[in-house]
Amino acid sequence: MGSDSGFYSVDQFSLDAKWLIDPKDLFVGPKIGEGAHAKVYEGKYKNQIVAIKILHKGDTSEEITKRASRFAREVVMLSRVQHKNLVKFIGACKEPVMVIVTELLSGGTLRKYLLNMRPRCLDMPVAVGFALDIARGMECLHSHGIIHRDLKPENLILTADHKIVKLADFGLAREESLTEMMTAETGTYRWMAPELYSTVTLRQGEKKHYNHKVDAYSFAIVLWELIHNKLPFEGMSNLQAAYAAAFKNVRPCCDDLPEDLERIVTSCWKEDPNSRPNFTQIIHMLLHYLSTVTPPETAIPPHVFASKNPVFLPESPGTSALMTARDTENTTSTGNKLWGFCICSNNCY
């Protein structure tokens, strides 16, 4: 439930029964990630391999309220939208701790994938294909009136075969109707849109008006990074990058990009938010570019169309299939019940 201030109260927040998870059915395995607000574990829920995100409660009353609000907001957003390029929401529980359960994508983050490739770059069709996945996930979010606000490689997860990218971490996502009440100092500086800043904003976290076009800017930075496999604004601190983008209109160099691709990147990070394309337009531009670099005959053999009953190649295995396979292979493995994760000395933290 949203308040007029844009916050969700965990006390008032009521989770739909179909999303409510009994913590007794959760088994927590090894930690696979950690952020400022939560730790993520691999685990099991009803014999399904899942990702279990356990949110830190906070130490002060103010922290507890903010983190409970963040939890409630993320659950509401996850439960509202479903798309093949959004991490699948499985359920959540509030007690004994705040937990969010999603599908487990074993391909790791886009950040880790790119780091492992350096100094090599992705093939251009692969980079643009990943960008299309991201754009389609964002189009879905925006169609539901949701702004992600924290689009960056750390929040983009790959499937096990490294062929599909999905958006994750909706902790900072907000309904667009509430943007006038948002603090601008959200997300990560290096990927954030300039309109989120002013001198006061950077110093004090001033509240500012903005809209869904902030995600288009972040997408441009991510797309640039996908193509170049370099950190944007290299050599600058996060704060220096923010000032350069906001007050000097500095952007990463695009001189070496093909003209069509340069047009996409530069249009998405324009200073004026209203001049940036929406994600439907971005998808069309990316598809057009792909059509110019990937001839149709190389992608689909001509004889496929000769049959009266064409046979389409099967899609790559979905996450659920991968989970089933892993579950079969690890039938002897054991986990730790959520109730006991605090005292487990081996896998829990």
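Is Glu62 buried or exposed? Glu62 is exposed, at a relative accessible area of 51%, where exposed means over 50%, buried under 20% and partly exposed in between, computed with a 1.4 Å probe on protein chains only.

1. This is a predicted model, in which local features need pLDDT of at least 70 and side-chain atom pairs count only at pLDDT 80 or more, while totals for chains, interfaces and linings use all residues. Residues are numbered from 1 along each chain as its sequence is written, and side-chain values use heavy atoms, with hydrogens and water left out.

2. Glu62 forms a salt bridge with Lys66 at 3.6 Å, N to O, a salt bridge being a side-chain nitrogen of Lys or Arg within 4 Å of a carboxyl oxygen of Asp or Glu. Both residues belong to helix α1 (residues 61-80), four residues apart, about one turn of the helix; helices are DSSP runs of H or I of at least four residues, strands are runs of E of at least two, and both are numbered from the N terminus. Lys66 is partly exposed at 48%.

3. Lys31 and Glu34 are likewise joined by a salt bridge, at 2.8 Å from N to O, with Lys31 partly exposed at 27% and Glu34 exposed at 52%.

4. UniProt, in an unreviewed entry, lists Asp150 under "active site"; its positions are given in the numbering used here, feature names are shortened, and annotations may be inferred rather than shown by experiment. Asp150 sits in the loop between β6 (146-147) and β7 (156-158) and, because its relative accessibility is 8%, counts as buried. Its side chain meets that of Lys152 in a salt bridge of 3.7 Å, N to O, and Lys152 is buried as well.

5. Salt bridges with shared partners also link Arg111, Glu154 and Glu225 into one network, and the count of salt bridges comes to nine.
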